[in-house]
Amino acid sequence: MQTKSIKILWVDDEMDLLKPYIIFLEKKGYDVATATNGSDAIDLVKNNAYDIIFLDENMPGFSGLETLTRIKEINNIIPVVMITKSEEESIMDEAIGSRMADYLIKPVKPNQILLSIKKNVENKELVTKKTTSAYQMEFSKLGMQINDSFSISDWKEVYRKLVFWEMELSNSDDKAMDDVILFQKNEANQAFNRFVKKNYLDWLKTEKEERPILSPDLFRKKIFPLLDKKMKVFVLLIDNLRYDQWRAISPLMCENYSIASDDMYFSILPTATMYARNSIFAGLMPADIKKIHPNCWDDDDNEEGGKNNFEEELLTKQLIRNGRKEKLYFEKMTTAKQGLKSNESISQIIHSDLSVMVINSIDMISHARTEMNMIKELAGNEAAYRALSANWFQHSGLKELLKELSNNNIEVIVTTDHGTIKVNNAVKVIGEKSTNSNLRYKLGRNLNYNPKEVFEIRKPEDARLPSPNLSSSYIFAMNQDFFVYPNNLNYFANFYKNSFQHGGISMEEMIIPVIQLHPR
């Protein structure tokens, strides 16, 4: 029996022949109303609330399709299942175009009706039960996998699984499981922090297999090999794109492309645009950029926007340094539509060997969420933040661009420079006036902090980071922490709590997507 009485309207001009079906459904606990024509059905829908409607296609008076159209004008949410004797494709196409929920061919069996109800009405509850049960079975295994993760591939797999379950559970109605997955994700981040603290500086001393692909390796390891195969490559770098956000937009991207490789690489520290993105385009660590290309580096850490004015120049120098002669097209914009309005831009992409487009839209959403209450409400949790990102992509113009690129057989790499993490715990730091303002890392002299709460690098040269002064040091926030100064501590602790930040150490910030899409 149903815990909640589901109300069904069945419309058929031969209702007398369907009495066994009605009895079958009522024994299952459903509340069934009937009508023998479209006109009566429309009146019933006007005056009653139904969970699902079964509608005969061939009736006197209003046909099933006409009735369907009028029902949708009254209530476009009710799922309508069309039942017909006809197998003509034109009728199927018209019914689907009219947004019917399902399509059954007579004679139908009782279990077909039952399955259609469960699929269109009870699916949320069934999915919730199945998902919750599956995650509960996986919880202990995943916990053991977190504790046994000692390699790069281990952590990529753990993060991939956590993203999968977080997204699966976000589609269920069992909100109690939200706290469970959040607990497990926090547990994983604590272990990941220990892993990074133990290994990060060693990664920068070697390029052996145990080192992950890092920001300066991205073009050499992921893009140059495609160019070597004489492929035309379009690199779409979306600032702040986390792996879960990639998963949210991937169905939209794959209308004209198939996924050739779904991989991740590691952002360098700080996981901030001016360090990680410059490192990507230069193919160098930040300290090396400052040394080799001093005109492309600005030591004023509080002027973040100005430190990324030389990305095209840095990429050009990297290509030359690696002996590459491909024709390059580079475009940087705050919104996709800013550049896609121009047919000239698309033409240049098509006629270049390597094209790079940098888009800051996701970064703008995360900053707007911090500053604007309306955006904060729209992206109140991780699921809403993902949905906002997917909605941006849907209306960005990138779908049209990818369709055009697919038609021209251009390979696409979708990637980012770093991710973000939702922070909620304020950690006190004291620093001089010149200390930078980022909430997830600090660079300055005479920093005062609790060493147990941070990852500290007292010698920036060990991390191949620039040092504005001989006594400068870096500290990085971990877990869901963010740095605040003692002055007005409570105000800033509350203001930035539950905002999305980057610059520190977490799976979300460091383990980031690099996806290869192949034209269909």
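Student: How many helices and strands are in the chain?
Tutor: There are 21 helices and 18 strands. Both are DSSP runs numbered from the N terminus: helices are H or I with at least four residues, strands are E with at least two. This is a predicted model, where local features need pLDDT of at least 70, side-chain atom pairs count only at pLDDT 80 or more, and totals for chains, interfaces and linings use all residues. Residues are numbered from 1 along each chain as its sequence is written, and side-chain values use heavy atoms, with hydrogens and water left out.

Student: What share of the chain counts as buried?
Tutor: 53% of the 520 residues. Buried means under 20% relative accessible area, exposed over 50%, and partly exposed in between, with a 1.4 Å probe and protein chains only.

Student: Which residues touch the most other members of the largest nonpolar core?
Tutor: W155, F192, Y200, M253, Y275 and F281, in a core of 105 residues. A nonpolar core here is a set of buried Ala, Val, Leu, Ile, Met, Phe, Trp, Tyr and Cys residues joined through side-chain atoms within 4.5 Å. A second, separate core has 19 residues, including I6, L25, I52 and V81.

Student: And what does M253 touch?
Tutor: Not counting residues up to four places away in sequence, M253 touches L236, I238, W246, F393, L402, V414 and L517. Contact means heavy atoms within 4.5 Å.

Student: Which strands pair with β18?
Tutor: β7 (residues 257-266) pairs with β18 in the antiparallel sense over nine bridges. β10 (residues 411-415) is also antiparallel to β18, over four bridges. Pairing requires at least two DSSP bridges between the strands.

Student: Which residues in β18 are the bridge partners of F266 and T415?
Tutor: I511 partners F266, and V514 partners T415.

Student: New topic. Where does α8 bend?
Tutor: At K197, by about 35°. That is the angle between axes fitted to the seven residues ending there and the seven starting there.

Student: Where is G431?
Tutor: In the loop between β12 (425-428) and β13 (441-444).

Student: Why does G431 count as partly exposed?
Tutor: Because its relative accessibility is 29%.

Student: What is G431 in contact with?
Tutor: N446, L447 and Y485, leaving aside neighbours within four places in sequence. G431 and R445 are 7.0 Å apart, C-alpha to C-alpha, and 14 residues apart in sequence.
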